[in-house]
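Me: I am new to this structure and would like a close look at one part of it. Please start there and then go on to a few other places.

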Amino acid sequence: MLRRWGAGALNRTAPLPLFRPKNVLRLPRALAVRNASTASSSNAFESFLNSRVTLVSVSLFTAGSVAWYTHLYGSLPFLPQVHASLDSDEGLHPPAYPWSHMGLFDTFDHASIRRGYQVYREVCAACHSLDRIAWRNLVGVSHNVDEVKAMAEEVEYQDGPNDEGEMFTRTGKLADYMPPPYANEEAARAGNAGALPPDLSLIVKARHGGADYVFSLLTGYVDPPAGVEVREGMNYNPFFPGGAIGMARVLFDGLVEFEDGTPATTSQMAKDVVTFLHWAAEPEHDERKKNGIKAVILFSVLTLASLYVKRFKWTPIKNRKIFYDPPADKTH
């Protein structure tokens, strides 16, 4: 009997209860459909995350957010130490002024540098030094050689020792650096109620905001607002960190008399002295831009020449045609 059973008979036989798993859980049809839809939605979400459109969208959103934050606050997010002076965040942020030398192809206004040096010499030099600038640096920038020599000879410098081993004084020369207003730091603090006037050689590059900050500081002295108390000997300036600054206002209308007849208003003097200090911080500014333009022209010419040579050398090779000429069959 067993021998007569075919495969179809065995397949039609109902499974025995002994071999049925007892821990099998049959899910309802609605739950199975729900699981299938969840799996399909998760696959669609994964494909959306892995698509190029999503990558480009997220990249553009991130770059736009960083640019928007930088435009509002003037610094990159999560990088609070990228600028020179962190304390400047506590003061009023200076506005951006249209300086004539800030353009890509713009240079310093040398007439403004000459006027700015006059303001520094007659006003600022009484407290602030300019240690990194020598008399020779002014030659060809704001004054000629004879003018600079005359100004240097007005100052006496200590030199030596001489042949007898003694120090002596002499008149200044072009190689000398501009004299400081005080002999040492202690004398500077004693003459300014304990405050040390900073050196102005690199002041534009050493302050957050650069020329805008220095100009705003010089022209930003106002009376303290209601509720703000400034202790005795201090002055209120909203652009200075903390608002209280030891330096009093020093620029007033008509304080100096410019040689070229320019009206000596407070803003004009501040603009000129800031231009001079910016040149002192970057004396290579004009030459750097000039060399940059030369480099752009040179590399442009070299690029065009390389493209022409490439086309000249490779055009015959890329456009040539190769023909196969089979040997003639001479048997026929």
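Is G242 buried or exposed?

Reply: G242 is exposed, because its relative accessible area is 63% (buried is under 20%, exposed over 50%, partly exposed in between, with a 1.4 Å probe and protein chains only). The model is predicted, so local features need pLDDT of at least 70 and side-chain atom pairs pLDDT 80 or more, while totals for chains, interfaces and linings use all residues. Residues are numbered from 1 along each chain as its sequence is written, and side-chain values use heavy atoms, without hydrogens or water.

G242 sits in the loop that runs between β3 (235–236) and β4 (244–245) (strands are DSSP runs of E, at least two residues; helices are runs of H or I, at least four; both are numbered from the N terminus). Between G242 and G91 there are 6.1 Å from C-alpha to C-alpha, although 151 residues separate them in sequence.

Another strand, β2 (residues 168–171), holds T171. T171 counts as partly exposed because its relative accessibility is 46%. Its C-alpha is 6.9 Å from that of E154, which is 17 residues away along the chain. Setting aside residues up to four places away in sequence, T171 touches E153, V155, Y157 and D176 (contact means heavy atoms within 4.5 Å).

S129 also lies in a loop, the one between α4 (110–122) and α5 (145–153). S129 counts as buried, because its relative accessibility is 11%. Its side chain makes a polar contact of 2.6 Å with the side chain of D199 (N or O atoms within 3.5 Å; within protein, one able to donate a hydrogen and the other to accept it; residues adjacent in sequence count only if both atoms are side-chain atoms). Beyond four places in sequence, the residues in contact with S129 include Y120, P180 and P198.

Y308 and F312 are both in helix α10, 4 residues apart, about one turn of the helix, and both are exposed.

Helix α10 spans residues 285–319 and also holds V301. V301 counts as exposed because its relative accessibility is 52%.
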